[in-house]
Every structure is written in C-alpha cells, then in structure tokens.
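Keep the sequence and the 3D view at hand.

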Amino acid sequence: MNSPREIETLIDMMARLPGLGPRSARRAVLHLIRKRAVLLAPLAEALRRVAETVRECPRCGNVTTADLCEICADDRRANGEICVVEDVADLWAMERGGAFKGRYHVLGGTLSALDAVGPADLRIPDLVARVRDEGISEVILALNATVDGQTTAHYIAEELTGTGVAITSLAQGVPIGGQLDYLDDGTISAALRARKGF
C-alpha cells in the first residue's frame with residue numbers, strides 16, 4: 001500500500017463496521033478525504049461528541065445522552081406495557097412503526113449455549129425487577145424468530161411465571177405484500193398457526 005499509515009488505520013477501523021468490507025471501507029475513506037471540509041471534519045466531531053456523551057439508559061438499556069432515554073422519561077408511555085427486544089436496533093425498528101406506545105426493555109442479546117451467553121449475561125434479572133416494581137400488566141416478547149430468540153423468550157416466560165403479568169409475543173407469518181410462493185416453509189407454518197378470524 002502506498003497510503004500513509006494513518007489512512008490505513010482509518011480504513012481498517014471502517015472495515016470493522018457492519019456491511020463494510022476492506023474495499024467498501026477504502027472507498028468510503030477516500031470519499032471522506034475528498035470531502036474533508038463538509039464530511040470528514042464534521043463526522044470526526046460528531047463521533048467525538050457521541051463517544052463523550054452517549055450512555056446506556058439505566059432503566060431500559062436504550063442509548064441516550066440524558067439520565068434516562070426519552071421513552072423512559074415520557075410519563076405518557078408508562079401504560080403498563082413493556083416490549084422486550086434483543087438490541088437497540090430492534091427498539092428503533094419498533095419505534096419506526098409508531099404502533100407501540102409503551103416502554104421497552106433491551107436485553108443486550110439472546111441466550112446462546114454455543115456462545116456461552118447465559119441469563120446473567122443479559123438484562124433478564126433487570127426485566128423481572130421492572131415487572132415487579134413498575135406495576136407492569138403486559139410483557140410483549142419481540143424477539144427474533146431464531147432458535148436463540150425463541151429459547152430466550154421461553155426462558156423469560158418461565159421467569160415471569162407467577163407474577164400475574166400477561167406475556168405475549170409478536171405475530172409471525174406472511175408479511176404485508178408477501179407472496180406465498182416466495183416464503184419459506186417455516187414462515188408459512190407460523191402464519192397458519194397464528195391464523196385469525198376474517
């Protein structure tokens with residue numbers, strides 16, 4: 001490579017981001033360098049500010065720059081419903097839909113025997129405490145339809161047994177605009193099991 005070590009270091013760091021490999025990272029870095037004044041300098045400043053100010057919400061696990069995230073600080077969202085998600089990206093996806101008006105609980109992952117992730121590695125004890133202390137009436141398990149996601153959902157349901165809280169999960173099946181011919185067998189089976197009156 002003929003580029004300076006600092007640029008190579010930046011390319012290596014960018015290549016670690018999801019969706020970017022070494023070639024994509026190199027193109028991104030070259031673009032940033034060409035647009036130094038309008039992109040590179042503001043990006044570096046934004047990264048510095050985020051690194052200094054962002055933290056995890058102590059109540060739900062969302063990212064925030066305040067003591068509590070905006071969702072937890074909003075009293076209108078204290079409606080007794082908690083939606084349990086795997087990570088912050090899932091929380092943001094739920095918020096984009098705009099349909100859920102309660103609060104969230106970010107686990108920080110799912111149970112995985114292969115990766116040695118147990119209940120103590122996730123925020124499951126915090127969830128149980130919130131259900132007990134915040135007068136929660138419903139826990140919505142919005143975990144991915146994977147083996148680890150479903151294992152985690154079953155574990156949480158067992159942990160909440162006897163609390164009197166309703167435990168629900170998101171419906172799974174045919175997406176809006178989906179065509180049956182393009183769906184896998186598992187999705188079709190889940191949709192059939194979750195059928196409802198028409």
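By class, nine nonpolar residues, no polar ones and one charged residue line the second largest pocket. Here Ala, Val, Leu, Ile, Met, Phe, Trp, Tyr, Cys and Pro count as nonpolar, Asp, Glu, Lys and Arg as charged, and the others, Gly among them, as polar.

The model is predicted: local features need pLDDT of at least 70, side-chain atom pairs count only at pLDDT 80 or more, and totals for chains, interfaces and linings use all residues. Residues are numbered from 1 along each chain as its sequence is written, and side-chain values use heavy atoms, with hydrogens and water left out.

**The pocket**

The second largest pocket has a volume of about 190 Å³. A pocket is an open set of points on a 1 Å grid over the protein atoms alone, where a 1.4 Å probe fits, with protein on both sides within 12 Å along at least five of seven lines; lining residues have an atom within 4 Å of a point. The volume is the space filled by probe spheres set on the points, which are joined across faces, edges and corners.

Its lining includes Leu10, Met13, Arg16, Leu32 and Leu47. Helices α1 (5–15) and α3 (36–53) each supply at least two lining residues. The most come from α3, with four. Helices (H or I, at least four residues) and strands (E, at least two) are DSSP runs, numbered from the N terminus.

**The sheet**

Four strands form an open sheet in the order β4-β3-β5-β6, with parallel pairing. Its edge strands, β4 (103–106) and β6 (166–169), each pair on one side only. On average, neighbouring strands are turned by 25° against each other, direction ignored. Two strands pair if DSSP finds at least two bridges between them.

Strand β3 (residues 81–85) runs parallel to β5 (residues 138–141), and four bridges join them. Cys83 has Ile140 as its bridge partner in β5. For Val84, the partner in β5 is Leu141. On to the next pair: β5 and β6 are also parallel, over four bridges. There, Val139 stands opposite Ile167 in β6.

What covers the two faces of β5, and are its residues buried or exposed? Both faces are covered: Glu138 and Ile140 on one side and Val139 and Leu141 on the other are all buried. Buried means under 20% relative accessible area, exposed over 50%, and partly exposed in between (1.4 Å probe, protein chains only).

Helix α5 (residues 88–97) lies across β3 and β4, and runs at about 160° to β4. Axes are lines fitted to C-alpha atoms, for helices over the stretch in contact, and angles run from 0 to 180 degrees between N-to-C directions.

**Three residues**

| Residue | Relative accessible area |
|---|---|
| Thr110 | 12%, buried |
| Arg130 | 5%, buried |
| Ala116 | 63%, exposed |

Thr110 lies in the loop between β4 and α6 (124–133). Not counting residues up to four places away in sequence, Thr110 touches Glu86, Val117, Leu122, Asp148, Gly149 and Thr152. Contact means heavy atoms within 4.5 Å.

Arg130 sits in helix α6. Leaving aside neighbours within four places in sequence, its contacts include Arg59, Ile82, Tyr104 and His105.

Ala116 is in the loop between β4 and α6. Although Ala116 is not a glycine, its phi is positive, at about 55°.
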